[in-house]
Amino acid sequence: MGGTEHLDVRREGATLVLTLNRPEAKNALSLPMLVGLYDGWLEADADDGVRSVVLTGAGGSFCAGMDLKALAGKGMEGEEHRGRLKADPDLHWKAMLRHHRPRKPVIAAVEGYCVAGGTEILQGTDIRVAAASATFGLFEVRRGLFPIGGSTVRLPRQIARTHALEMLLTGRPYTAEEAARIGLVGRVVPDGTALDTALDIAERINACGPLAVEAVKASVYETAEMTETEGLAAELKRGWPIFDTADAKEGARAFAEKRAAVYRRE
């Protein structure tokens, strides 16, 4: 499996778990972490045995954003990692899910800080679980910076514009309860249980037909900016072929025989 010294990668059944692992820095983004994240997204999509991805953080935090020392030119360690970035100048954006959308569903399990770049990565995930004491926010304007990880584009499309602009322009922290109320996260769970909840959701996804799951996800995103008429036409184009798959036939047989379906991506 992939991964770097700042990112743990492991399998839980059909789920790939990516853990941001710089707890001493509240998992602030480093170059090795970004390289590992990008490789993790590629690994998930390339491996047909992976049906979902969970993104989380070690040590009670999700991600406190970019490492400001690294931004100042210190700590972007590793000649190998710098070489990767030089070869692909968009690698860090792809890692943060700004320029890349994995085929497989991505579930965020948030404990502690999920701010600045952490909240930006969050916007690239599909399903979001937050611990009760988690903290969210886009702090960039407070530091004279711009949230260039996609937030001025994506956030107003994911939550009401008034909430998006308040978050973007005030740079204030948000509680998990507030994040759920404005629609930034889907559910709030007791502290220490976000990962277990995310894995439970992943297991439910993993039990479904993978071709169907990936087609549904693709349809939701590709039709988001279409008119209703255009979107409905695109949905038919994306959805009808699923009915002709061996997996669809297996799903019907399993239902009739009152057993769990065995899907083979066929």
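Reader: To start with, how far apart are the mean positions of the positive and negative charges of the chain? After that, please zoom in on the stretch around helix H1.

Author: Charges first: the chain has 34 positive and 37 negative ones, and their mean positions are 2 Å apart. Here Lys and Arg count as positive, Asp and Glu as negative, while His and the chain ends are not counted. Each charge is placed at NZ of Lys, CZ of Arg, CG of Asp or CD of Glu.

A word on the ground rules. This is a predicted model, so local features need pLDDT of at least 70 and side-chain atom pairs count only at pLDDT 80 or more, while totals for chains, interfaces and linings use all residues. Residues are numbered from 1 along each chain as its sequence is written, and side-chain values use heavy atoms, with hydrogens and water left out.

Now the setting. The chain comes to 12 helices and 9 strands, which are DSSP runs numbered from the N terminus (helices are H or I with at least four residues, strands are E with at least two). A compact globule of 266 residues would have a radius of gyration near 18 Å, and the chain agrees with its 19 Å; that radius is taken over C-alpha atoms, and the rule is 2.2 Å times the number of residues to the power 0.38. Along the principal axes, the C-alpha atoms fill a box of roughly 60 × 40 × 40 Å. Buried residues make up 48% of the 266, where buried means under 20% relative accessible area, exposed over 50% and partly exposed in between (1.4 Å probe, protein chains only). Take the contacts with a separation of 6 or more: residues 24 or more positions apart account for 67% of them, a contact being heavy atoms within 4.5 Å.

On to your stretch. Lys26 sits in the loop between strand S2 (15-20) and H1, and Asn27 lies in that loop too. Lys26 has a positive phi of about 50° although it is not a glycine. Asn27 also has a positive phi, near 60°, in a residue other than glycine. Their cover is another matter: Lys26 counts as partly exposed because its relative accessibility is 38%, whereas Asn27, at 0%, is buried.

H1 is mostly covered, with 13 of its 16 residues buried.

The buried residues of H10 are Pro210, Val213, Glu214, Ala215, Lys217 and Ser219. Their cover includes strand S4 (106-110), helix H9 (194-206), helix H11 (228-243) and H12.

Ser151, in helix H6 (residues 151-158), counts as buried because its relative accessibility is 0%. Leaving aside neighbours within four places in sequence, Ser151 is in contact with Glu120, Gln123, Leu138, Pro156 and Leu168. Arg264 is in the segment after helix H12 (246-256) and counts as exposed at 56% relative accessibility. Between the C-alpha atoms of Arg264 and Arg84 the separation is 35 Å, with the two residues 180 apart along the chain.

Key
Expected span 1.5 Å × (residues − 1).
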